[in-house]
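Hi,

Here's the structure I promised to send over. Have a look at it first, and then read on for what turned up.

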Amino acid sequence: MLSGMRPTGKVHLGNYLGALDNWVRLQDDHDCFFFVANWHALTTDPANSVEAPANTLEMAADWLGAGLDPQRSTLFIQSQIPEHAELHLLFSMVTPVGWLERVPTYKEMVDQLGLESPSYGLLGYPLLQAADILMYKPQWVPVGMDQVPHVELTREVARRFNSTWRPVFPEPQAKLTEIPKVPGTDGRKMSKSYDNAIYLSDSSEEIAAKVRPMMTDPARKRRSDPGTPDLCPVFDLHRIFTPEADREACAVGCRTAGIGCLDCKGVLLKHLLPPLGEIRERRRRFAERPGEVLEVLHEGSRRARAMARQTMEEVRGVVGLEP
Ligand code: TRP
Ligand code: SF4
């Protein structure tokens with residue numbers, strides 16, 4: 001199993017519930033590879049490279065704090081395995097430009113960022129991802145729905161490579177993560193760029209200060225107005241963190257105006273703070289020892305590189321360029 005995450009900085013609750021939490025569970029019964037996709041971070045903002053080292057350490061501290069276990073999973077840094085770049089180059093020879101232009105995330109990025117002349121690197125983003133994946137010949141790629149087109153492209157590239165030269169790559173499959181709806185404090189999707197996120201590194205006080213003014217069902221303007229939990233982002237978080245009995249009590253209290261929103265948020269905090277506190281404490285110990293975190297990533301990269309070398313030996317053999 002293999003998956004990656006771009007080093008954009010600290011992991012927030014949306015990233016955690018969308019991927020990391022799932023990775024932690026998968027390592028129990030799969031041979032897992034997880035990596036920092038630092039080259040991918042350059043596709044939209046190349047000058048951002050100066051922030052990559054600090055972001056990588058922050059993100060890796062979050063990974064370890066959340067429970068990724070370097071004894072069981074191989075945690076590595078993409079750029080420490082230059083073989084990914086070589087495989088990407090060979091893949092580029094068998095990939096029609098049209099395939100890449102049709103990947104929905106490409107168009108979205110171009111529109112969203114208003115790019116007038118998108119880079120070759122951005123167009124090639126999913127092809128680099130195909131190289132990341134196929135290098136380790138995984139059976140599964142645990143990702144969210146948004147990444148399915150990338151895994152589909154990976155399968156097509158594997159087929160093209162195999163038919164152009166000789167069968168080398170099995171076709172991996174996306175393993176879809178059930179991603180709960182994780183709203184930010186303003187009710188929109190939780191996202192770093194919306195400034196509405198709760199981070200794994202936030203203290204209990206910071207989390208409480210973000211949850212208390214959080215957006216609720218807009219129909220509940222006054223304490224005496226009944227509300228609709230289904231229309232409330234706070235309730236989306238209840239669905240994830242609050243056990244059924246307390247959650248139902250909140251739902252009834254909301255519909256009958258029996259409780260106020262602050263009471264309801266208090267119940268949420270009671271269930272949200274303890275699990276996040278555990279992660280934060282563990283993460284803090286790693287964040288304080290960047291040398292140790294780096295050693296974990298270097299050791300993982302050594303292991304990953306040994307596999308990548310093997311794959312590339314096989315690949316160079318079947319491509320057969322050199323006399
Ligand atoms: N594109 C992925 C994302 O944005 C990150 C990624 C890069 C990845 N390479 C990968 C995920 C390989 C899975 C496998 O989330
Ligand atoms: Fe949302 Fe709870 Fe307020 Fe109802 S009582 S609107 S569920 S915060």
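Before anything else, a word on the domains: their bounds come from an automatic or database domain assignment. Also keep in mind that this is a predicted model, so every value below is computed from predicted coordinates.

With that said, the chain splits into domain 1 (2-182 + 290-319) and domain 2 (204-283). Their C-alpha centres sit 35 Å apart. Where they touch, domain 1 puts in 13 residues and domain 2 puts in nine residues. About 880 Å² is buried between the two domains, and carbon and sulfur atoms account for 64% of that area.

Which residues of domain 1 lose the most area to domain 2? They are Leu13, Gly65 and Lys181, and together they make up 46% of what the domain 1 side buries.

I have three salt bridges between domain 1 and domain 2, and three residue pairs in polar contact, with both residues at pLDDT 80 or more. H2 gives the most, with five residues.

Now for the sheet. Three strands make an open sheet in the order S1-S2-S3, with parallel pairing. Strand S1 (2-5) and strand S3 (73-77) are at the edges and have a single partner strand each, so one side of each has no neighbour in the sheet. From one strand to the next, the twist averages 20°. S1 and strand S2 (residues 32-36) run parallel and are joined by four bridges; Leu2, for instance, has Phe33 in S2 as its bridge partner. Helix H1 (residues 13-26) lies across S1 and S2, and runs at about 150° to S1.

Last item: salt bridges over the whole structure. How many does the structure hold? The count is 24 salt bridges. One of them pairs Asp28 with Arg72, again with the closest N and O atoms 2.7 Å apart. Asp28 is in the loop between H1 and S2, while Arg72 is in the loop between H2 and S3, so this pair ties together parts that are 44 residues apart in sequence.

That's the lot from me.

Cheers

Definitions and conventions:
Residues numbered from 1 in each chain as written. Chains lettered and ligands numbered in written order. Predicted model: local features only at pLDDT ≥ 70, side-chain atom pairs only at ≥ 80, totals over all residues. Heavy atoms only, no water. Pairing = 2+ DSSP bridges. Helix = DSSP H or I, 4+ residues; strand = E, 2+ residues; numbered from the N terminus. Axes fitted to C-alpha atoms, helices over the stretch in contact; angles between N-to-C directions. Contact = heavy atoms within 4.5 Å. Buried area = accessible area lost by both parts, 1.4 Å probe. Salt bridge = Lys/Arg side-chain N within 4 Å of Asp/Glu carboxyl O. Polar contact = N/O pair within 3.5 Å; in protein donor to acceptor, adjacent residues only side chain to side chain.
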